[in-house]
Amino acid sequence: MRPSNAVAVASSAAGAVAGAVSGAAQAAKEGASLLQSPTNLEDVEAAIRSPTDAPDAWNRPETAGALSFHGVGNTEDRSPVKIATYQYKNAPGRTGLMQAAFIPPGKPLTKQRLLDLLTKEWRLGRPNLLVNLDAGAAHPIKLTTKRLLALRQFDKWCENARIQKVLSRRREADPGLPSKGEAAAATNTPATSTAKNDDMPSSSAAPCHAILPGMVMPPRFGDPPPASSYSFGPPPLALDADEVSILDRMMFEKLLCVYVAVLDAAEKTNNFVVVDRASPGGSSPTAELLLEMALQQTDAKPVILVIDTMTRLRSFKGKESERQLQYLGEVEGTGRIMGTDMPTEVVDVVPLYMPFDFENDNSFRGKKLAEMPLPGEPIKDHLISHGVDIALHDGKMVKMNPKRLWSYHYSQFLFSSGTHYLILEEEGNVDLDVLGATGGIFAHGGTVAYRRMRAWLQHGKPTVMLFNSGGATQAFASLHASVVKKHRTEVLKIMEDLQIVSDENWAKTFGLPEVMMMDELKKRAPVLMRKSIVSVDVLKDSAEDVMNVVTGCFAAAVGHLPELGLRTAEAYVVLQAWSQHMVMHSTAAKQRKIADILFWVQIFFLFLTILLSAIRTEMLVKSIYKGNVDKSANEVFRFVIILLPIILATVTAAMQRKRALEKWEVLNASAMRVVTEIYKFRARVLDYATKKGEDDDDEGETANAATSGNRERAVRMKFVGQVQKIFANVLDGDMNVDSLNFQRFVNSASTEENARPVDEKVLLKHVVKHILGVDMPDRQRSGKSLVADGNANDLSAVTVPAPSNDADNTIDIFRDIEEDDFVSPISIETYMEKRMKPLMIQFCAKAPWLSRRCAFMDHLSMLVNAVAVALAIPGSLDHWVTMAMSVRALIMNVVEFQNYQVRLRALNGCLRDLQNLQTWWDSLSIVDRRTGAAKSNAVLVTEQAFLSARCAGSAQIATAYTAMEDTHENEENDKGNRSKTD
C-alpha cells in the first residue's frame, strides 16, 4: 500500500472512530486534518513498529483510536463479534466473497456461538468431516533427501531424472529435438534390435543407481542391517544437483495432484478444509502453500476455514506486517455486529501476496531470503549449529535451518485462499469438535510436524499418510505397514522395516517408543488402525487411487479411539439386539402358526356346515318327491348341522381370545424394526451418524455421553435405547399376558461371564434363511476370521483380515467387498452388496409366486361363480347355488386373510424402489457414494423397502414406518438447509 493510500485509510479510520462520539461529519474532518500531518503519521508508524519508541503517540486519544480501529492498539472496548465480507481485486484465479468473523478478547468462541456463526451468519451446514493438512515446514519444491532417494522404490524415478538431465543438456547443445536413437542412448539401451551397446548395461538389467559412475548400491530396506551398526536409513546417495532438482519437481507435482484430488473430494463430500494458525506450533506452511497452488489448478471450491489470531500477526515485524494489519482494520471497520440485520459492505482488497511469489525456496520477490531479516521470532527446533546466519529485526544474529526460512516470510501473511475466516484477538484453541470428526492428511514433515503427527495418531483420528513423501510421514507410514499390514510382532523385524530418511532431531530417537505406541494402538483398535489410519503411495498410486483411499478412510472414520474398557461391548450390543430380534421372530412364527391353524379350522368347519346343509336339503327334497323320508338320516344331519356352529363359535372365541394374528403383527413388525435399527447402527447413518453433533436438549444417557464428547458412546446408547423401546412396546402390549419363546436361545439367559448372546453359526443361519432369503457365499473364501484379543471366549467387535502377501496395497481395503458378519460396522459398499442386493433378489423371486397365488385365487373365484350360474339355470337347485356362493365367500375370506394382493403391491413397490436405487447408485462416482447424503439415502430406501415388504397387510405397518419417516423428514430438512446455503 502506497503512502497516499495509508493516509487515506488512516483518515477514514480516524473519521469513523471520532464520528461514533461527536458526529460523523465534524469528526471525519478533524481526523483527516490530524492524520494528514506528517508528524502524526510518523508517530502512528513509529508506534506500530515499536511501542516503546513512541510512548507519546500511544497516549494520544486520536492516535490510539486509529490504531485500535486497525487492530493494533487497545482492543478492550471492541466487545461485539463483527462479521465482515471482502473480495480480492486484480487477483487472477481468486474469485468469490470471503466471510470473516473478528472475535474480540473476553469473548470465548463457545460451541453454541461457533454453531450460530456457521449456520446463521455464514449459512453453512454441518460438515461431513474437517480435513487437516500437514506437510511440515520445508519448501514444497525441496522435499526429497538423499536417504529418501536411496530407497529401492525410487530407482525408476532416479533413472527418469537422469534421462531428463541428459536430454536437457543435449537440447541446450542442439536446439533440435532428440531423435529416437538419442533418447534410447540416454537410457543406455539400443535404439533398434541391431544397434547394440555391449559396453554399458541395459537399464532393464540394472537400476539407475548401479550404472551411475562411482556408485555403489546401498543396502535396501528389508535386508538385514550391517552387523557392526544400525543406521537410521540407508547411506547418502550421490546425485548431482540437476537430478535432485528434477526429482524435487517430480515430488512437488505428485503432491500437487494429491492435493487437487483432496480438494475435489472435499467439495463433493461436504468436508471443510481447516487451516489453523491460532494454535502455537499447529500450522504447516508447506501444506498451506501446496493447498493454495492446488486451488489454482482445480475448479473445486470447498469450504476452507481459516483460524488465525491478531496476536500472531502483530508478532511479525516489517512493512509487510504493517500492510497486513492495515487492510484487516479496513475489513473489520466495515463489519456488522453478529446477530444484527445490518447490511454488510463488501470491501475490495488487493492481495498482499500470490502463491507464485513463494515458488522459489531461497528468494522472495527477487530478494534472497538469507539476506533479509527474519520477520518473526524463530522456532527453537529451526535453530541448528550448522545453519546460515540470519538477522532478526532487533539486530541479533541466529543460525537457522535454510530450509525453513521461506516459511517465516510466508506465515507473516494471513492465509489468502480461504473462504471463511475466524480472526481471534488472542491465541487459543478453537474447539471444532462440535462440527464433527477431524481427519488428517500427512506428508513429509520435520521435528515439529513429527510431534503433531504422533499426537494425532495417539488420539486415533482418521489419518491418511502419503508414503514415499519423506520426513516423519515416511517413518510412521513404514511403521504402520509393518505392524498393521504385515502383522509383524518381532521388534527386530519391525525396526528393519522402518524407513527413516531424515537427519533431523526427531530421527535420532525414532524407534522403540513409536513401535510400542503403534502396537498398542493396533491391539486396542484393530479396525480403526486398518481402515481409519491408512497410507497411499505417491509413487505408484494415481489421483483416482488417492481419492478412493481418502474418501474410504474418512467415510469409515469414527474420529477417536474406542473408550478404554469397551472390549466386546460394541459387538455384544449388536448381538443382544439380534438375540431379541430372534426371540420376537420365533415367537411371531409361533403365533402365526396358531393363527393359521385356527383360521383353517374355522374355514374347514364353515365349508363342512355349508356342504352338509346342502346335502340335507337335497335329501329332503328328494324324499318329499318320493314320499319316503328317512328320519334317522335326517336326524343325524340335523344334529351335525346344529353341532358345527357350536364348534365354529368355540373356534371363533378361541381366535378372539388368543389374538394370535394381532400378536404376530406386533411381534413381526417389532422384529423387523430391530433389524433395520441394527443395519442403520452398523452403517452409522441417519440417527446413528457419529459425525453429527448431538443436540443439546437430548435427554438421558445420550445427552451425558454427548456432553463428554464421546459421540460413539452416545450413538451406542441411542441404539440401545431404541432397541429397548421396541422390546418394551411388545411386552407392554398383547404379549403382557403371554410368553416369549426363549427356549431356543439359551445363551441369552446364560449366567456365564463370557457367554455370547447369540452363537455365530445360529445367527448366520437365521439371517440367511429368514432375513435375506438367499444363500450367502462361503465365508471361508474371504480369508477373514473373528479374533478375540487373546481370549478365545471373548468375541471381538471387529473382523480382521488374515495376513496377505500384498501387505502394502491399501487401495484394495476400500475396493473389496468384505464378508458380512452381521455384527461389525459395515461400509456402504458392503451394505449394498450384502444387504440391498440379496433383498432385491429375494423380492424378485417372491413376486412371481405371489402373482401366481393371486391369479389362482381369482380363477378359482371365477370358476365358482360360473358353477353358481350354471346351477341357477334349472331353477330347482337353489340350495346348491347357495352353497356355491358360500364357497366363493370362503375363497374371498382366504384371500383377505393371506393378503396376497396387498403383499404383491407392496413387493412391486419395493422392487421399484430398489431397482431405482441400484440405477442411481451405479451412476455415482466413488466419492459421491461415500458422502453422508448418499449413504443415508441408500440405507433409508433399502430399510423402508424391507419394512414395507415384511409388514405388508399388517396393521403395524404405520408403527413400523414411524421412525423411518421421522428420519426421512430430518434428512430432507438437512438437504433443504444445504440447498439454501448453496
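In this predicted model, helix α16 (residues 447–458) packs against helix α20 with the two axes 10 Å apart and an angle of about 25° between them. Because angles under 35 degrees count as roughly parallel, α16 is roughly parallel to α20. The crossing of these two helices is left-handed. On the α16 side, Tyr450, Arg454, Leu457 and Gln458 make the contact, and they meet Pro513, Glu514, Met517, Met518 and Leu521 of α20. Sorted by class, this contact of α16 with α20 comprises 6 nonpolar, 1 polar and 2 charged residues.

Helix α20 (residues 512–524) also packs against helix α17 (residues 471–485), at an angle of about 50° and with the axes 10 Å apart. The helices α17 and α20 are therefore oblique to each other, and their crossing is right-handed. From α17, the residues Phe476, Leu479, His480, Val483 and Val484 take part in the contact, while α20 contributes Glu514, Val515, Met517, Met518, Asp519 and Lys522. The class composition of the contact of α17 with α20 is 7 nonpolar, 1 polar and 3 charged residues.

The geometry of both pairs is set out below.

| Helix pair | Angle between axes | Distance between axes |
|---|---|---|
| α16 and α20 | about 25° | 10 Å |
| α17 and α20 | about 50° | 10 Å |

Which residues of strand β15 point each way? Ile533, Ser535 and Asp537 are directed to one side, Val534 and Val536 to the other, and all are buried. The strand, spanning residues 533–537, is accordingly described as mostly covered, with 5 of its 5 residues buried. Strand β14 (residues 463–467) pairs with β15 in the parallel sense over 5 bridges. Within this pairing, Val464 stands opposite Val534 of β15.

Strand β7 (residues 346–349) has a covered face formed by Val347 and Val349, whereas Val346 and Asp348 lie on its uncovered face. In a regular strand, side chains alternate between the two faces of the sheet. Strand β1 (residues 82–88) is paired with β7 in the parallel sense over 4 bridges. Tyr86 stands opposite Val347, a residue of β7.

Helix α12 (residues 285–295) is mostly covered, and 11 of its 11 residues are buried. Among the buried residues of α12 are Glu288 and Glu292, together with Leu289, Leu290 and Leu291. The elements covering the buried residues of α12 include the strands β3 (129–134), β4 (271–276) and β5 (304–309), as well as the helices α11 (241–268) and α15 (405–411).

A further buried position lies in a loop. Tyr688 is located in the loop between α25 (660–683) and α26 (700–707). With a relative accessible area of 1%, Tyr688 is buried, because buried means under 20% relative accessible area. Leaving aside residues up to four places away in sequence, Tyr688 touches Glu677, Lys680, Phe681, Val715, Lys718, Phe719 and Gln722. The C-alpha atoms of Tyr688 and Ala714 are separated by 9.0 Å, and these two residues are 26 residues apart along the chain.

For the protein as a whole, there are 35 helices and 17 strands. Of its 982 residues, 52% are buried. Among contacts with a separation of 6 or more, 75% are accounted for by residues 24 or more positions apart.

Methods. Residues numbered from 1 in each chain as written. Predicted model: local features only at pLDDT ≥ 70, side-chain atom pairs only at ≥ 80, totals over all residues. Heavy atoms only, no water. Buried < 20%, exposed > 50% of the residue type's maximum accessible area, 1.4 Å probe, protein only. Pairing = 2+ DSSP bridges. Axes fitted to C-alpha atoms, helices over the stretch in contact; angles between N-to-C directions. Parallel < 35°, antiparallel > 145°, perpendicular 65-115°, else oblique. Left-handed = near helix turned anticlockwise from the far one by under 90°. Contact = heavy atoms within 4.5 Å. Nonpolar A, V, L, I, M, F, W, Y, C, P; charged D, E, K, R; others polar.
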